[in-house]
Structure formats: structure tokens, C-alpha cells
Amino acid sequence: MTLVSGWGRFPVVDTEMLRPRSFEAVGEAMASGAVARGNGRAYGDAAIGAARTVAMTAFDRVRSFDPATGRIRLEAGVLLSDLIDTFGPRGFLPFVVPGTRFVSIGGAIAADVHGKNHHCEGGFGRYVDSILLRTGQGETIEASREQNSDAFLATVGGMGLTGVILEATLRLRTVETGWIRERVISASDLDAAMRALDAGDAATYSVAWIDCVARGKDLGRSLIYLGEHAGKDELPAGAAAFPAAKDPGLGVPIDLPSMTLNRFSIRAFNELYYRMGARRAGGSHVVSLYPYFFPLDSLKDWNRIYGKRGFLQHQCVIPENGARAVLGEILDRVARRGDASFLAVLKKLGQGDGILSFPLPGYTLALDFPVKDDILTFLDEIDRLVVAAGGRLYLAKDARQSRATFEAGYPALSRFNAIRKSLDPAGNIRSKLSQRLFDEV
Amino acid sequence: MTSRKSAMVLGGSSDIGRAAARAFARSGYDVALAGRDVAALEPDAADLRARYNVEVGLHKFDVLDTASFESFVGSLPTLPDVVISIVGLLGVQQNAESDLAHATAIMRSNYEGPSLILGLFAEKFLGRGSGTLVGVSSVAGDRGRASNYVYGSAKAGFSAFLSGLRARANSSGVHVVTVKPGFVRTRMTEGMKLIGPLTVEASVVGDAILRAVENKTDVVYVSGKWRLVMLIIKALPEAVFKKLKF
């Protein structure tokens with residue numbers, strides 16, 4: 001048995017870890033009580049099996065690539081970082097990238113991850129043409145919007161509960177360069193931030209960093225980052241068309257004492273960060289895609305900064321109507337608490353693509369909290385605000401929401417459950433997350 | 001036919017072999033993968049073609065079938081610029097202590113086969129006056145330890161062979177690289193207790209091999225920490241060393 005956790009390092013669970021090397025071996029490993037795991041970047045308990053966990057990272061091959069169409073067929077264990085490093089220099093990038101590039105293709109589909117362009121270009125699943133799925137009852141099927149479409153739509157965002165994704169065909173975006181033209185806008189409070197995000201709807205990429213310790217008239221003050229793919233003619237003289245990925249050399253070698261992050265250190269950091277950002281605001285400049293899309297990837301093992309007990313990320317989405325009041329209330333409570341981390345993100349989302357996909361048209365807010373004795377009660381209260389506003393939580397980040405919160409947030413759950421049942425009548429696929437939120441007890 | 005450089009990987013289906021093939025293909029080499037099961041190499045060949053748009057050839061090669069080596073080398077359509085031997089067998093030390101067949105397999109897979117095949121390529125390379133030979137040996141060959149001396153002694157023999165070959169080929173235009181990876185997270189070491197800070201991913205070894213070929217390095221400890229560890233282990237007096245059971 002092996003102790004395993006998600007990226008948040010909470011909870012830590014004992015599981016049998018299997019590393020199959022062939023699709024046949026995957027089938028054998030997926031006996032009852034198992035779920036597939038990619039690169040372990042889901043924050044909570046989504047990729048930990050009830051009894052055993054099936055690591056898919058050995059499946060890291062590209063099967064075929066057609067430069068004429070940008071279509072690529074790959075095994076599910078290929079990492080987005082690998083895809084970007086390999087095909088970026090050839091002028092192709094994924095349409096959608098989340099905040100870390102160290103996720104597997106299978107994981108990106110299972111969580112239907114979103115990026116800074118969700119408001120206008122949709123989620124990762126939108127650019128998946130088809131998948132090779134080994135269902136819970138042991139069949140291997142090709143699923144797409146045309147063929148086995150129920151299985152396809154339930155697997156996109158289905159958190160691995162319909163089967164194991166073995167391979168996928170994606171469409172890649174053609175780009176002239178690996179650089180982003182970035183424009184920073186400073187917003188002095190929440191109203192200004194939401195207005196700036198609304199005004200940024202036309203931008204391909206938009207996201208706000210929000211200072212979650214600022215209170216009173218500064219509540220919700222933010223820096224909004226808008227971005228467009230830069231053309232060759234926009235690059236500084238001498239710059240390579242595709243920037244090199246910086247190796248995450250610098251790391252957090254140990255668990256920092258939990259007192260490292262307190263309201264004073266976070267406030268000092270945020271003050272500095274906001275002022276530096278605000279100074280750059282207004283103009284536009286060209287930045288490498290790596291720091292633009294993946295600011296935290298350059299700090300290896302950053303999850304250790306929260307100390308041994310780990311941390312929880314709370315990511316909710318609130319429907320557009322009435323979002324202002326709820327977001328204000330959440331931010332006020334968080335600011336009064338004072339221990340939410342420096343990476344708080346506010347962004348607009350559009351319609352989701354899978355049956356259980358997280359996004360819905362509205363605003364998503366993501367906050368990190370170190371695990372402390374009282375945090376669960378605090379977050380339960382936040383959840384009540386989210387549910388009352390018709391919102392929901394992102395399963396890929398979740399480690400603790402209640403069944404009631406989950407069921408209220410995902411009205412398509414019964415349709416998902418019916419499809420899952422048809423693909424896995426015996427209920428072989430079970431994760432810690434599914435036991436907590438889905439499975440009959 | 002292309003005018004690109006070419007690299008052949010013996011043991012192409014191993015994790016380090018796959019990583020080395022990717023590293024060379026990424027930097028523009030055409031690649032030949034050689035292994036016992038050619039069909040099993042096909043997905044890796046497709047991967048390299050799709051990723052790097054290079055030519056990939058597949059060859060049947062069994063490191064224990066030394067009788068086939070001359071015809072294997074003789075039948076290659078072109079002589080590669082670089083040949084990398086990654087083949088090897090860790091085996092199980094405890095079994096090898098009493099099972100002669102198992103001990104023989106370990107010795108032949110890690111010493112006899114790799115040395116003979118690289119020796120044959122060396123003759124061709126010296127005749128041509130160019131080329132690089134890479135042998136993946138092991139830190140285990142630096143000193144025989146109680147826990148793995150059958151494997152270690154075979155690797156020691158291979159390291160000595162490479163060292164001698166390098167000296168012989170000096171200033172001939174042919175270069176010989178010895179790679180000592182230390183702990184690598186691969187299928188071979190799965191289930192073993194590896195020491196985190198001394199352990200690297202296969203891709204790190206693949207990149208190190210490419211760098212060593214390009215920079216004409218003689219002996220590569222993939223992680224510098226291993227050079228230090230082995231320096232200390234080698235310096236221990238035998239009277240002390242023999243009491244250690246690691």
C-alpha cells in the first residue's frame with residue numbers, strides 16, 4: 001500500500017498503486033474499487049481509488065500527428081507540458097491550458113479543465129474529437145460527439161468515473177509564436193474588477209488576480225491580465241519564435257512551518273504585488289507563454305508552502321446574475337479571516353461542454369486555504385452562499401464539499417449517473433471522490 | 001535518404017532507451033531502435049515520427065545472441081553516427097548467488113553482449129574514422145557491494161572495456177562515452193527502495209547521453225551527487241568496506 005494525496009496534500013489516503021504498461025494490464029488493474037490517475041494534479045481525492053489507483057503516466061506516446069489539420073492522437077498519459085514543448089516550436093499549441101502544464105491529457109479531459117479563454121473558446125473538452133475509453137464493464141470503445149455520444153459527454157468532465165481514457169484525438173491551435181501580448185489593468189475594487197473582466201470579454205485570454213486580504217474600500221482590488229497570441233512581427237528583435245521552457249529548478253524543498261503564511265506576510269506580499277502590477281498597468285507588452293499561463297509552475301513543489309497539513313482550494317462558479325453581491329460577501333468573509341493565499345483568481349466562464357463539466361456562464365473565484373481545524377466549517381458556510389446563488393464547486397479542486405452542496409450544484413447529475421450505470425453496471429470504478437459524493441452507500 | 005545524423009539505440013524499448021531516442025530525435029537525428037521484439041517497438045517509432053518528423057528504423061537485436069552480431073552489423077543499410085547500448089539485466093542478486101544460469105544471464109547481458117557489439121561497431125567506426133559509442137554502465141560497477149555484486153561485477157567489466165576502447169580510439173575521430181546513471185525511475189527499478197535525492201527520471205538520462213555525445217564527454221555520472229557518493233565508497237579501506245552490507 002502507498003500513501004497518496006492530491007496536489008493539495010489533503011486528504012492523504014492509503015491505496016494500492018498500480019502502474020500498468022499495456023492496455024491489457026490497465027484492464028486487469030481496473031478491477032473493483034479502482035480509478036485512473038494521471039499526473040496527480042487534481043487537488044483533492046478525485047484521482048485516488050477506493051481500493052486501488054491506476055497510474056497512467058507510462059502511456060506517454062504520441063500515436064499520430066497531422067500538421068495539415070492540427071489533429072493529434074495521443075495516449076492519455078502524455079503531459080500537456082510535453083505536448084507544448086514538443087509541438088509548440090512546430091507552431092501548434094493546445095486550445096485550452098489550465099494554470100499548470102503538468103497535467104495529463106486524460107486528467108485534462110476527465111476534469112474538462114478550463115483556461116483563461118473559457119469565456120470565449122470553451123473548455124478542454126471542446127477540442128477533443130474522440131477518445132478511446134475502457135469502460136467500467138471492460139469494453140474498449142471509441143467515443144465522440146457522433147459515436148457513443150453519451151459515453152463521450154459523460155467522460156468529458158466525468159472525473160474518471162465512466163472508465164479509463166486510454167487515448168484521445170485533439171485539435172491543436174496554430175500559432176505564429178509562443179509569446180503572448182499581455183495587457184495589465186488595475187482595478188481598485190470588486191466593481192472595477194468585474195467591469196474590467198466584462199470589458200475583457202473580447203480578449204482571447206482574461207483573468208484577474210484578486211487581493212483577498214484587502215478590505216473595506218479596497219475589497220476585491222485586482223490586477224486583470226488580458227492576452228492575445230503575439231505574431232512574429234510583435235516580438236522584440238532577436239527573440240526566438242518559441243521561448244524555452246524554464247526548468248522548475250527553484251523549489252520548495254521542505255514543508256514550510258504553517259505559520260509562514262499569516263495575515264501579515266500575505267498582506268505584505270499582496271501589497272507589493274498589487275503596487276508592482278499597477279505600475280505596469282495600461283500599456284501592453286509581450287511575455288513568454290510559460291509565465292503567462294503557468295505562473296506557479298516555475299516554483300517546483302509550491303504546494304509545500306502550506307505546511308505539512310496541506311491546503312484546500314475552494315473554487316466556485318457563480319452565475320452572472322447576482323454574482324456581484326455573493327462574490328462581495330465571500331471576499332469580505334475571506335478577508336476578515338485573513339489566511340487565504342496570495343494566489344486568488346477571479347475569471348469569467350462560459351458554457352460547459354460535458355454533462356458534469358464545472359463551468360457555467362458566470363464568475364469563478366479560486367482561493368487557497370491552509371488546512372486548519374476550523375477551515376471546514378468556514379468553507380461549509382461559503383458553500384451555502386454559493387448554492388443559494390445557483391453556483392457550484394469544481395470537482396478537480398474539491399476535497400471536502402458535502403453531498404448536498406454537490407447535488408444542488410449539478411442538476412445534470414441524474415443523467416450522468418444513468419450513463420455511468422450503463423457503462424459500469426457493477427460499479428467497478430470507485431474513487432475516494434465518488435464514494436464521498438456519487439456512490440450509493 | 002537524408003543527410004541528417006543518425007543514432008542507433010540498442011535496447012530501444014527500455015525506459016532509458018526510449019528517453020535517449022527522444023532526445024536524439026528532438027535534436028534532429030534519424031533514429032534506429034533495436035530490440036528483441038520489433039513489433040513492440042513500433043508504437044515508439046510512431047511516437048518519434050509524429051513528434052519530431054524524423055526517420056525511424058527498427059531492427060531485431062538480442063544481446064544474448066552474440067553469434068548474430070556480425071551479420072547484424074554487416075546487414076545495416078548505413079552505419080550510424082552514434083550507437084548507444086542501453087541493454088542490461090538487473091536480475092535478482094539472491095538468486096544469482098546460487099543459480100548459475102541466472103548469474104550467467106546477468107553477466108552476459110551486462111558485460112559480454114554489450115562489449116562485443118560495441119567492439120564490433122568500434123572496428124567499423126575506426127575504419128570510417130568517425131562516430132560515437134555510448135555504453136550505459138552503472139555506478140554499481142565502481143565497487144562490488146554485497147547487495148548486487150553479480151550485476152556490479154558485470155558492469156565493472158563493461159566500464160573497463162569502454163575505458164580501454166576509449167584509450168585505443170583516442171585521436172582516431174571515434175569517441176567513447178561511459179554513462180553511469182545511478183538510480184533511475186524505470187520499469188527495472190520499480191518496487192525498489194530508491195533514495196529520492198539520488199534518483200532521476202529516465203528523460204534526464206536521455207538528455208545527459210545526448211549532451212555527452214555532443215560535448216565528447218568521457219565518463220558521465222548523470223547526477224553529480226553520485227560522483228561524490230562513489231568517490232567515498234571507492235575510497236573506503238577494504239577492511240571497513242567488507243563490513244557494509246548495502
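**Figure 1. Burial in chain A of the predicted model.** Of the 441 residues of chain A, 51% count as buried (20 or more other C-beta atoms within 10 Å of the residue's own, with C-beta atoms placed from the backbone). This is a predicted model, in which local features need pLDDT of at least 70 and side-chain atom pairs count only at pLDDT 80 or more, while totals for chains, interfaces and linings use all residues. Residues are numbered from 1 along each chain as its sequence is written, chains are lettered from A, and ligands are numbered from 1, in the order in which they are written.

**Figure 2. Fold and dimensions of chain A.** Chain A has 13 helices and 18 strands (DSSP runs numbered from the N terminus: H or I of at least four residues for helices, E of at least two for strands). The C-alpha trace spans about 55 × 55 × 45 Å along its principal axes. Among contacts in chain A with a separation of 6 or more, 75% involve residues 24 or more positions apart (contact: C-beta atoms, placed from the backbone, within 7 Å).

**Figure 3. Chain B.** Chain B contains 9 helices and 9 strands. Its C-alpha atoms fill a box of roughly 60 × 40 × 35 Å along the principal axes. Of its 246 residues, 43% count as buried.

**Figure 4. Contacts between chain A and chain B.** In this view, 8 residues of chain A are in contact with 8 residues of chain B. Strand β5 (residues 62-66) of chain A gives the most to the side of chain A that touches chain B, with 4 residues. By class, that side has 2 nonpolar, 2 polar and 4 charged residues (nonpolar: Ala, Val, Leu, Ile, Met, Phe, Trp, Tyr, Cys and Pro; charged: Asp, Glu, Lys and Arg; polar: the others, Gly among them).

Conventions:
Two residues are in contact if their C-beta atoms, placed from the backbone, lie within 7 Å. A residue is buried if 20 or more other C-beta atoms lie within 10 Å of its own, exposed if 12 or fewer, and partly exposed in between; C-beta atoms are placed from the backbone.
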